[in-house]
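Me: I would like to learn how to read a model of this kind, going from single residues to the whole chain. Could you take me through it step by step?

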Amino acid sequence: MELLHERQFATPIRAALFDFDGTISTLRYGWETVMRPLMLEMISGHGAPYDAALEAEVDAYIDESTGIQTILQMKWLAQRVRQERPNDGMSDDPWWYKDEYNRRLMQTVSARVEAAASGAQRREDYLIAGAASFLQALQKRGVRCY
């Protein structure tokens, strides 16, 4: 990270809010590799084969929906499950799908956190370049970070 223009504000910055997902950390990097199989599995059925058209649809949806709230992606998933498997007794609740997605994602994230905590990986391996010094600079200036 490089500061291009030093700027003084009339009112000092007192707080900064971060979305950790890719802003300062890569702990959740690769979320697509968790969401894709979840969507394919839920739409097609546990253990059921899925075709190239469904794979292409899911891949296209993940690409176009990157950056939106996960719950909105799960609303899409719940709708697709209802369309594809209306009488299978699958959940209509997007929050259920979000919980399952988060459970699966946290397996990966937890392994990364453990690797950093144990020293098997360096903490810096999971930080965006310059993030640590940027956070230290904010702290030095008394900015509260959330």
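Reply: R141 is placed in the loop between helix 6 and strand 2 (144-145); helices (H or I, at least four residues) and strands (E, at least two) are DSSP runs, numbered from the N terminus. The model is a predicted one, in which local features need pLDDT of at least 70 and side-chain atom pairs count only at pLDDT 80 or more, while totals for chains, interfaces and linings use all residues. Residues are numbered from 1 along each chain as its sequence is written, and side-chain values use heavy atoms, with hydrogens and water left out.

Me: How far apart in sequence and in space are R141 and D63?

Reply: In sequence R141 and D63 are 78 residues apart, and their C-alpha atoms are 38 Å apart in space.

Me: How should I read an aromatic pair, and how many aromatic pairs are there here?

Reply: A pair of aromatic rings is described by the distance of the centres and the angle of the planes. Rings of Phe, Tyr and Trp (its six-membered ring) pair if their centres lie within 6.5 Å, and planes under 30 degrees apart count as stacked, over 60 as edge-to-face and the rest as tilted. By this rule there are 3 aromatic pairs. In one of them, Y61 and W76, the ring centres are 4.1 Å apart and the planes stand at 5°, so the pair is stacked. This pair links distant parts of the chain, since Y61 belongs to helix 3 (residues 52-65) and W76 to helix 4 (residues 70-84), 15 residues apart. Both Y61 and W76 are buried.

Me: What kind of pair do W96 and Y97 form, and why?

Reply: The ring centres of W96 and Y97 lie 5.1 Å apart with the planes at 90°, so this pair is edge-to-face. As for cover, W96 counts as partly exposed because its relative accessibility is 39%, whereas Y97, with a relative accessible area of 0%, is buried.

Me: Which residues does I71 touch, apart from those up to four places away in sequence?

Reply: A contact means heavy atoms within 4.5 Å, and with residues up to four places away in sequence not counted, I71 touches P94, W95 and K98. I71 is found in helix 4 and counts as buried at 8% relative accessibility. The C-alpha atoms of I71 and Y97 are separated by 8.5 Å, although the two residues are 26 residues apart along the chain.

Me: Is L54 buried or exposed, and what does L54 touch?

Reply: L54, which has its place in helix 3, counts as buried because its relative accessibility is 10%. Not counting residues up to four places away in sequence, L54 touches L40, I43, S44 and R80. From L54 to C145 there are 91 residues in sequence and 42 Å in space, C-alpha to C-alpha.

Me: Where does L135 lie, and with which residues is L135 in contact?

Reply: L135 lies in helix 6 (residues 131-140) and, at 26% relative accessibility, counts as partly exposed. Leaving aside neighbours within four places in sequence, L135 is in contact with F18, I24 and C145. The C-alpha atoms of L135 and A117, which are 18 residues apart along the chain, are separated by 20 Å.

Me: What does the whole chain look like once these details are set aside?

Reply: The protein has 6 helices and 2 strands, and along the sequence they follow the pattern β-α-α-α-α-α-α-β. The radius of gyration, taken over C-alpha atoms, is 20 Å, while a compact globule of 146 residues would have one near 15 Å, by the globule rule of 2.2 Å times the number of residues to the power 0.38. Along its principal axes the C-alpha trace spans about 60 × 40 × 25 Å. Of the 146 residues, 30% are buried, and among contacts with a separation of 6 or more, residues 24 or more positions apart account for 68%.

Methods:
Buried < 20%, exposed > 50% of the residue type's maximum accessible area, 1.4 Å probe, protein only.
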